[in-house]
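Visitor: Hi! Could you walk me through this protein, starting from wherever you like?
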Amino acid sequence: RLCQDVQPWLVVVDEAHCAVQWGESFRPAYRDIAGFIAGLPVRPVICALTATADDGMQRAIRTQLGMHRPKQVLLPILRENLIHEVHTTLNRTREISRLLQGAAGKTVVFCRSRARAEALSEQLTAGGLRAAYYHAGMEREVRLRVQQRFMEADAAVLCATSAFGLGVDIPDIRLVIHDYLPDDLIDYVQQTGRAGRDGVAACCIL
């Protein structure tokens with residue numbers, strides 16, 4: 001109703017891939033954006049932002065948001081301050097625990113499932129580390145509290161599903177560990193992109 005009176009000339013959609021990829025399960029409001037735009041008295045300029053989107057995702061975003069012949073601004077997805085490593089292990093939990101013993105600063109451990117995020121968090125905590133878990137199945141208020149504690153800590157570990165990080169800009173994550181092999185390169189780049197946003201060296205370990 002407010003927008004009917006104000007008539008905004010610009011609508012900015014951050015994390016625009018959610019309009020295509022995560023709308024139904026995690027951010028249902030993204031599914032309503034196209035209808036919201038269509039209902040405005042005057043069609044606004046639309047700006048869609050996302051960290052990573054291949055050609056297929058770009059087309060899907062344009063279609064979902066009804067964008068016609070948009071101007072595209074594409075930046076490199078690789079950042080020089082990120083160090084990428086692949087470790088081979090027969091015991092992922094033990095290897096992750098070993099890596100965390102010598103880690104400085106904040107760490108995010110990406111897990112494939114909610115159950116794995118919770119279980120790994122408990123195992124790391126039992127081993128003496130400050131660990132918490134984060135996933136879309138948690139109540140919104142609980143997620144926000146966990147996220148806030150993680151942001152304020154000098155050093156902490158967050159075991160999370162891919163739900164973590166959407167719309168969150170934490171500059172000093174020094175280590176991102178993947179407990180699993182992501183489904184595609186776009187997911188991997190999106191998630192490792194949480195590290196080192198302050199421009200300082202950070203490590204990404206698969």
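Guide: Happy to! Let's begin with Phe-164: leaving aside neighbours within four places in sequence, Phe-164 is in contact with Val-108, Phe-110, Tyr-134, Phe-150, Leu-158, Ile-170, Ile-173 and Arg-194. Keep in mind that this is a predicted model.

Visitor: Is Phe-164 buried or exposed?
Guide: Phe-164 counts as buried, because its relative accessibility is 1% and the cut-off for buried is under 20%.

Visitor: And which core residues touch the most other members?
Guide: In the largest nonpolar core, which has 22 residues, those are Tyr-134, Phe-150, Leu-158, Phe-164 and Ile-173.

Visitor: Which strands and helices supply at least two residues of this core?
Guide: Those are β4, helix α6 (140-152), β6 (157-160), β7 (173-178) and β8 (202-205). There is also a second, separate core of 16 residues, with Cys-111, Leu-124, Ala-131 and Leu-175 among them.

Visitor: Let's talk rings. How many aromatic pairs are there in the whole structure?
Guide: A search of the whole structure turns up 2. One of them joins Tyr-134 and Phe-164, edge-to-face, at 5.3 Å centre to centre with 80 degrees between the planes. That pair links distant parts of the chain, since Tyr-134 sits in strand β5 (residues 131-134) and Phe-164 in the loop between β6 and β7, 30 residues apart.

Visitor: Why is the pair of Phe-150 and Phe-164 called edge-to-face?
Guide: Because the planes of Phe-150 and Phe-164 are at 85 degrees, and planes over 60 degrees apart count as edge-to-face. The ring centres of Phe-150 and Phe-164 are 6.0 Å apart. This pair links distant parts of the chain too: Phe-150 is in helix α6, 14 residues from Phe-164.

Visitor: So what do Tyr-134, Phe-150 and Phe-164 form?
Guide: One aromatic cluster. Tyr-134 is buried at 4% relative accessible area, and Phe-150 is buried at 3%.

Visitor: New topic: where is Lys-106, and is it buried or exposed?
Guide: Lys-106 is in strand β4 (residues 106-110). With 1% relative accessibility, Lys-106 counts as buried. Its contacts, apart from neighbours within four places in sequence, include Phe-150, Asp-154, Asp-172 and Leu-175.

Visitor: What about the surface? Which residues make the nonpolar patch of about 490 Å²?
Guide: Trp-9, Leu-10, Val-12, Val-45 and Leu-49 make that patch. Leu-49 lies in the loop between β2 (45-48) and α3 (55-65), and Leu-49 is partly exposed, with a relative accessible area of 39%.

Definitions and conventions
Residues numbered from 1 in each chain as written. Predicted model: local features only at pLDDT ≥ 70, side-chain atom pairs only at ≥ 80, totals over all residues. Heavy atoms only, no water. Helix = DSSP H or I, 4+ residues; strand = E, 2+ residues; numbered from the N terminus. Buried < 20%, exposed > 50% of the residue type's maximum accessible area, 1.4 Å probe, protein only. Contact = heavy atoms within 4.5 Å. Patch = residues over 30% accessible without salt bridge, like charges linked within 9 Å, V, L, I, M, F, W, Y side chains within 5 Å. Areas by Shrake-Rupley, 256 points an atom, 1.4 Å probe, with all protein chains shown as cover. Salt bridge = Lys/Arg side-chain N within 4 Å of Asp/Glu carboxyl O. Core = buried A, V, L, I, M, F, W, Y, C linked by side-chain atoms within 4.5 Å. Phe/Tyr/Trp six-rings, centres within 6.5 Å; stacked < 30°, edge-to-face > 60°.
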